[in-house]
Amino acid sequence: MSASRHPALSATDPELASFVAAEETLQAETLRLIPSENYVSAAVLEASGTVLQNKYSEGYPGRRYYEGQQNIDRVEALAVERAKGLFGVDHANVQPYSGSPANLAVYLAFAKPGDTVMGMALPMGGHLTHGWGVSATGSWFRGVQYGVQPGTGLIDYDAVRDQALAERPKIIFCGGTALPRTIDFAAFASIAEEAGSVLVADVAHIAGLIAGGAHPSPAGHVDVISTTTHKTLRGPRGAMLMCREEHAKAIDKAVFPGLQGGPHNQTTAGIAVALHEAAQPAFVSYAHAVVANAKALAQALLERGFDLVSGGTDNHLILIDLTGKDVPGKVAAKALDRAGIVVNYNTVPFDTRKPFDPSGIRIGTPSLTSRGLGVDHMPRVADWIARAVDAAAKGDEQALSVIRAEVADIMAAFPAPGLPLS
Ligand SMILES: *Cc1c(COP(=O)(O)O)cnc(C)c1O
């Protein structure tokens, strides 16, 4: 089916081309609810697949270690200017290969091995790279972790302040990967100032919401903003570090030559296009629609008896706690997958089960909103989830395939950006 769409690939490597075509079909027919995923536009896809990838460009625009950079410099400078404009920052580095290396560059810029660093615990919604034990950041640095309160599922800022003042970490990370609520950057800023810490806002998940004005911005509150470009921001897989002028040199030096070699110029081009798209009025509507859909979906799930961490959502993400159901997270996630609804199993705060077999599932609305689903569709989505979890409890495979057909039928009416029309 993809021969006309990827003619050279199909001719050279039909086996690989068939995998890509199958993935296109999968992404078209399923309801993708993983909150860190999205559909990039055809323009972002095109920019990311260009001959820019043939160039080595170690260094920065105007200061390269290789010749022939006249076009590459313009591409990177454009991406940088767009990032600065969109996020209202002094400085942007668009070279980090992805979110994890971006965060590692922050450690390199501001800490020495063995220093204390502070972040949200992974099982509470933080990211591995915020000093969690199994990550390099938790073994090379002394990671101390904060969490959320047991009853509310919310951050207790007074407790974070007490811990920061006791530990005096070099770096404090705020933000995370399973946080359904607004992050109070001003509160973190006052804590970091008192503790003498560098404050990093890792907005990987919510960068698109910030760009579209649907979540408060950390700009002006924090020392460094770290973000991936491929989640709500709807760009290619990559990352950016943004900061005040005073930290610009340290950040640039840490990314190159500290941590990386040549930047992925084709990705830089895709990032530039995504930033251009995110600066359009349509993206403001998109970001607000993502949040409206998530709130509507959370409400519909609550009405169907689901328990949600923190009782709902302020952003694009919902964490369903299945502790009270007969189905643990992994079983539910796999059943939903068979029903054409793609989610991930996830720990919930104070989970009584193991990380590889936890009690929760994590869902979000960035992808379905990119396809044009609106708040009126959310009760149906909640119905599908409820029926699939129920079917998982009963081992009813027939019910799952019925849902899968219904999902494919509805999704056919909402073509995804960047995918072929079937
Ligand atoms: C996704 C994510 C990252 C890591 O990004 P990768 O590109 O997967 O390395 C870092 N921090 C947070 C908060 C994230 O959600």
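Where is Arg234 found? I looked this up and placed Arg234 in the loop between strand 9 and strand 10, with helices (H or I, at least four residues) and strands (E, at least two) taken as DSSP runs numbered from the N terminus. I noted a phi near 65 degrees for Arg234, a positive value in a residue other than glycine. Most residues other than glycine have a negative phi, and most peptide bonds are trans.

Before going on I recorded the conditions: this is a predicted model, in which local features need pLDDT of at least 70 and side-chain atom pairs count only at pLDDT 80 or more, while totals for chains, interfaces and linings use all residues. Residues are numbered from 1 along each chain as its sequence is written, and side-chain values use heavy atoms, with hydrogens and water left out.

**Peptide bonds**

I also looked up a cis peptide bond, which joins Phe256 and Pro257 with omega at about 5 degrees; Pro257 lies in helix 10 (residues 245-259).

I traced an open sheet of seven strands in the order 4-10-9-8-7-5-6, with mixed pairing, where two strands pair if DSSP finds at least two bridges between them. Strand 4 (91-93) and strand 6 (142-146) stand at the edges with a single partner strand each, so one side of each is left without a neighbour in the sheet. Neighbouring strands of this sheet are turned by 20 degrees against each other on average, direction ignored; for such angles, axes are lines fitted to C-alpha atoms, for helices over the stretch in contact, and the values run from 0 to 180 degrees between N-to-C directions.

I then followed strand 5 (residues 116-120), which runs parallel to strand 6 and is joined to strand 6 by five bridges, with Val117 opposite Gly143. Helix 5 (residues 99-110) lies across several strands, including strand 5 and strand 7 (171-174), and runs at about 155 degrees to strand 7.

I found another open sheet, of four strands in the order 11-12-15-14, with antiparallel pairing. Strand 11 (307-308) and strand 14 (344-346) are the edge strands, each pairing on one side only. Two bridges join strand 11 to strand 12 (residues 317-321), and the bridge partner of Leu308 in strand 12 is Ile320. Helix 12 (residues 281-303) packs on the sheet and touches strand 11, strand 12 and strand 15 (360-364), its direction making about 15 degrees with that of strand 12. Helix 13 (residues 329-338) lies across strand 14 and strand 15, at about 45 degrees to strand 15.

**Between the domains**

I noted the division into domain 1 (47-278) and domain 2 (289-413), with bounds that come from an automatic or database domain assignment. The two centres, taken over C-alpha atoms, are separated by 29 Å. In contact (heavy atoms within 4.5 Å) are 21 residues of domain 1 and 20 residues of domain 2. I read the area buried between domain 1 and domain 2 as about 1600 Å², of which carbon and sulfur atoms give 58%; buried area is the accessible area (1.4 Å probe) that two parts lose on being put together, summed over both.

One salt bridge is counted between domain 1 and domain 2, the rule being a side-chain nitrogen of Lys or Arg within 4 Å of a carboxyl oxygen of Asp or Glu. I also looked up the salt bridge in which the side chains of Arg181 and Asp314 meet, at 2.8 Å, N to O.

**Other salt bridges**

I recorded a count of 16 salt bridges by this rule. Among them is the pair of Lys84 and Glu81, with the closest N and O atoms 3.3 Å apart; both residues lie in helix 4 (residues 70-87), three residues apart, about one turn of the helix.
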